[in-house]
Amino acid sequence: MFGKKKKQFEVTPYDKTKERPIIRASICNGEQVAGFKSLEDSSFREVMFIRDNKDLYEFLERYAVDEKDLKKEY
């Protein structure tokens, strides 16, 4: 009754023909954000913040992304 509730994230599927999985990383402080970059207009759709490998593998599993298809942008 008084415990913390786990946040439920809604998984929005991505179109592999129109979007590419990307990790945006900051050079100065190392922050990483996982999301999808549009191949049409290069817009970025942020999905989740990556703090460690656990978060990275959760992103890969949740969106059925292969690790070799994941690119990193700075």
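1. Basis. The model is predicted, with local features needing pLDDT of at least 70 and side-chain atom pairs counting only at pLDDT 80 or more, while totals for chains, interfaces and linings use all residues. Residues are numbered from 1 along each chain as its sequence is written, and side-chain values use heavy atoms, with hydrogens and water left out.

2. Helix α1. Helices (H or I, at least four residues) and strands (E, at least two) are DSSP runs, numbered from the N terminus. In α1, residues 53–62, the buried residues are Asp55, Leu56, Phe59 and Leu60. These fall within an arc of 140 degrees seen down the helix axis, so they line one face of α1; the arc is that of the directions from the axis to the C-beta atoms. Asn53, Lys54 and Glu61 are exposed on the face turned away from the buried side. Buried is under 20% relative accessible area, exposed over 50% and partly exposed in between (1.4 Å probe, protein chains only).

3. Cover and end of α1. The cover over the buried residues of α1 includes β1 (19–25), β2 (32–38) and β3 (44–50), contact being heavy atoms within 4.5 Å. Ala64, which follows α1, has a positive phi, near 55 degrees.

4. Nonpolar core. The largest such core has 12 residues, among them Ile23, Ala34, Met48, Val65 and Leu70. A core is a set of buried Ala, Val, Leu, Ile, Met, Phe, Trp, Tyr and Cys residues joined through side-chain atoms within 4.5 Å. β2, β3 and α1 each supply at least two of its residues, and the largest share, 3 residues, comes from α1. Leaving aside residues up to four places away in sequence, Leu70 touches Pro21, Ile22, Ile23, Leu56, Phe59 and Leu60.

5. Aromatic pairs. The whole structure has 4. Rings of Phe, Tyr and Trp (its six-membered ring) pair if their centres lie within 6.5 Å; planes under 30 degrees apart are stacked, over 60 edge-to-face and the rest tilted. Phe36 and Phe59 form a tilted pair, 5.7 Å centre to centre with 40 degrees between the planes. Phe36 lies in strand β2 and Phe59 in helix α1, so this pair ties together parts that are 23 residues apart in sequence.

6. Phe36 and Tyr63. Their ring centres are 5.3 Å apart and the planes at 70 degrees, so the pair is edge-to-face. Phe36 is buried at a relative accessible area of 1%, and Tyr63 is buried at 8%. Ring pairs link Tyr14, Phe36, Phe59 and Tyr63 into a cluster.
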